[in-house]
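The following questions and answers concern the structure shown below. Please read each answer beside the coordinates.

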Amino acid sequence: MSRYVFKMPDLGEGTVSAEVVAWHVKPGDLVQEDQVMCEVMTEKAAVEMPAPVTGRILSIQGEPGDMVAVGSELVVFETDATSAAAGAEPVAKVTAPPPPEPLTPQRRAGDKPGDKLATDKQQIAAAANGAHNGNGSNGTGQHKAARVMVSPASRRRAVEAGLDLTTVTGTGPAGRIEPGDIDSALAAGAARGAAPSMNARANATREPRAGTEEVKIIGLRRVIAERLTESAKSIPQYSYVEECDLTRLEALRKHLNDRRPASAPPLTFLPFIVAALARVLDKFPQCNALYDSARGVLVKHKAVHVGIATQTPQGLKVPVVRNAESRALHDLAAEIRRVSEAARTNKSPREELTGSTITITSLGKLGGIASTPMINMPEVSIIGINKAIERAVVVDGQIVVRLMMNLSSSFDHRFVDGFDAASMIQALKDLLEQPATIFIDG
């Protein structure tokens with residue numbers, strides 16, 4: 001029997017070990033060369049490990065969550081099984097089950113907004129009729145509609161009696177519920193022992209729960225946990241929040257979007273903010289820096305490599321847009337989309353997830369007034385974007401409606417003084433509120 005021992009390879013960047021995240025094969029499996037056997041995690045990124053040869057797997061080393069040293073035995077193959085493997089079906093790669101179908105109908109490509117509304121109404125009506133036919137009433141249902149039509153007096157009477165009007169069949173025009181329909185429903189309910197009323201359902205208790213679920217923290221989640229813990233433990237973080245008036249920027253953004261080709265994706269606020277940030281950092285180089293704790297050196301960068309904090313199915317990743325200071329607006333927008341999508345689909349090369357000099361994070365879509373972003377070590381600054389909303393503000397003594405957004409920022413207070421941090425955010429605010437100045441040199 002010929003054996004082939006595959007050892008944990010050197011994954012670069014000083015990696016001495018890697019964490020086993022998941023196995024896709026097991027001892028006894030016949031595998032083909034280049035078939036993915038497992039996923040391992042370094043401090044920088046997840047890496048799929050392909051089979052180096054075709055053969056039968058005799059043994060594997062490491063359970064998910066275990067660290068395996070570089071050079072240690074990882075998989076042992078029986079390569080004599082090659083001929084048998086050639087005629088055998090390769091072991092299928094383990095894939096996640098497809099996500100469940102959404103509960104609400106989704107718009108299809110080419111559908112118009114009115115199509116979805118019509119579909120929603122049809123489903124609501126169908127659901128209402130289904131509920132009606134299933135509650136034991138007379139089953140005619142031909143006048144039943146999704147919207148209950150009833151007089152205020154009858155509605156009040158139903159509420160007082162704890163009667164759900166959606167269970168009542170209306171005999172009036174277009175399914176309108178007449179007073180006699182309520183009499184019949186109450187009489188039928190009394191005869192059947194009455195279905196639980198709204199009040200009864202509101203007062204119903206739920207079954208108490210017991211037990212726990214233990215989840216082993218491995219892979220990317222482990223890396224996130226360790227980095228954030230280290231960030232909180234070792235960095236005295238100073239936070240600063242300022243509001244910005246984006247009304248002019250929104251007008252510019254809409255103007256540019258109206259002029260874009262139909263096939264081009266619309267501009268969001270993010271490329272404008274990255275462009276403005278790259279301009280501002282020229283005057284605040286201490287905010288575009290990394291702290292090398294091993295050497296005790298603050299490394300100020302002339303290039304602006306912006307990390308884009310991105311939520312992915314695997315967890316939080318920070319792909320990097322390099323040299324933001326030299327990119328035009330549409331180039332910035334395209335690169336932000338590209339690196340973010342690669343991170344979400346787990347296709348980012350390792351080098352694209354490292355090397356940022358400052359990070360931008362955003363919870364804007366979820367709302368919220370302010371946040372306290374955690375510094376992405378070894379950087380010294382991070383900018384958080386909050387949701388832009390229209391609200392009333394006072395301008396020149398007048399109450400007017402403006403599009404306002406908060407910037408939430410955190411700084412490593414060891415190297416960025418509060419005065420400098422606030423000055424940097426104020427300079428960024430000035431550019432965003434006068435967006436033409438983002439694109440003017442000097």
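Q: What share of the residues of the protein chain counts as buried?
A: The model is a predicted one. Its protein chain has 442 residues, and its secondary structure comes to 10 helices and 19 strands. Taking under 20% relative accessible area as buried, the buried share of the chain is 37%.

Q: Of the contacts in the protein chain with a separation of 6 or more, what percentage comes from residues 24 or more positions apart?
A: The contacts considered here join residues of the protein chain with a separation of 6 or more. Within that set, residues 24 or more positions apart account for 63%.

Q: How many residues does the largest nonpolar core have, and which of them have the most contacts inside it?
A: In soluble globular proteins, nonpolar side chains tend to be buried together. Here the largest nonpolar core has 47 residues. Those with the most contacts inside this core are V274, I360, M424 and L432.

Q: Which element gives the largest share of this core?
A: The elements that contribute two or more residues are β9, α8, β12 (306-308), α9, β16 (358-362), β17 (381-385), β19 (398-412) and α10 (418-433). The largest share amounts to 10 residues, and the element that supplies it is α8.

Q: Which residues does M424 touch, not counting residues up to four places away in sequence?
A: M424 is among the residues with the most contacts inside the largest nonpolar core. Leaving out residues up to four places away in sequence, M424 touches L277, V280, L281, F284, C287, I383 and F411.

Q: Why is α8 described as largely enclosed by the rest of the structure?
A: The buried residues of α8 are F269, L270, P271, F272, I273, V274, A275, A276, L277, A278 and V280. The helix is largely enclosed because, of its 12 residues, the number buried is 11.

Q: How far apart are the end C-alpha atoms of α8, and what span should its 12 residues have?
A: At 1.5 Å a residue, the 12 residues of α8 should span 16 Å. The distance between the end C-alpha atoms agrees with this, at 17 Å.

Q: At what angle do the axes of helix α8 and helix α9 cross?
A: Two packed helices are described by the angle between their axes and the distance between the axes. The axes of α8 (residues 269-280) and α9 (residues 329-344) come within 9 Å. The crossing is right-handed, and its angle is roughly 115°.

Q: Which class of residue, nonpolar, polar or charged, makes up the contact of α8 with α9?
A: From α8, L270, P271, F272, V274 and A275 meet L329, L332, A333 and I336 of α9. By class, this contact has no polar and no charged residues, and the 9 that it has are nonpolar.

Q: What covers the buried residues of α9?
A: Buried in α9 are L329, L332, A333, E335, I336, V339, S340, A342 and A343. Their cover includes α7 (247-259), α8, β12, β13 (310-312), β14 and β15 (320-321).

Q: Which residue that follows α9 has a positive phi?
A: At 1.5 Å a residue, the 16 residues of α9 should span 22 Å, and the end C-alpha atoms agree with this at 23 Å apart. After the helix comes a residue with a positive phi, near 60°, namely N346.

Q: Which residues does S231 touch, not counting residues up to four places away in sequence?
A: S231 lies in helix α6 and counts as buried because its relative accessibility is 0%. Also buried in α6 are G219, L220, R222, V223 and I224. Apart from residues up to four places away in sequence, S231 touches Q237, M374, I375 and M377.

Q: Is D412 buried or exposed?
A: D412 lies in strand β19. Beyond its neighbours within four places in sequence, D412 is in contact with I235, P236, I375 and V380. Its relative accessible area is 1%, so D412 is buried.

Q: Is A392 buried or exposed?
A: A392 lies in strand β18 (residues 389-395). Not counting residues up to four places away in sequence, A392 touches I399, V400 and V401. Its relative accessibility is 53%, so A392 counts as exposed.

Terms used. Residues numbered from 1 in each chain as written. Predicted model: local features only at pLDDT ≥ 70, side-chain atom pairs only at ≥ 80, totals over all residues. Heavy atoms only, no water. Buried < 20%, exposed > 50% of the residue type's maximum accessible area, 1.4 Å probe, protein only. Helix = DSSP H or I, 4+ residues; strand = E, 2+ residues; numbered from the N terminus. Axes fitted to C-alpha atoms, helices over the stretch in contact; angles between N-to-C directions. Left-handed = near helix turned anticlockwise from the far one by under 90°. Contact = heavy atoms within 4.5 Å. Nonpolar A, V, L, I, M, F, W, Y, C, P; charged D, E, K, R; others polar. Core = buried A, V, L, I, M, F, W, Y, C linked by side-chain atoms within 4.5 Å. Expected span 1.5 Å × (residues − 1).
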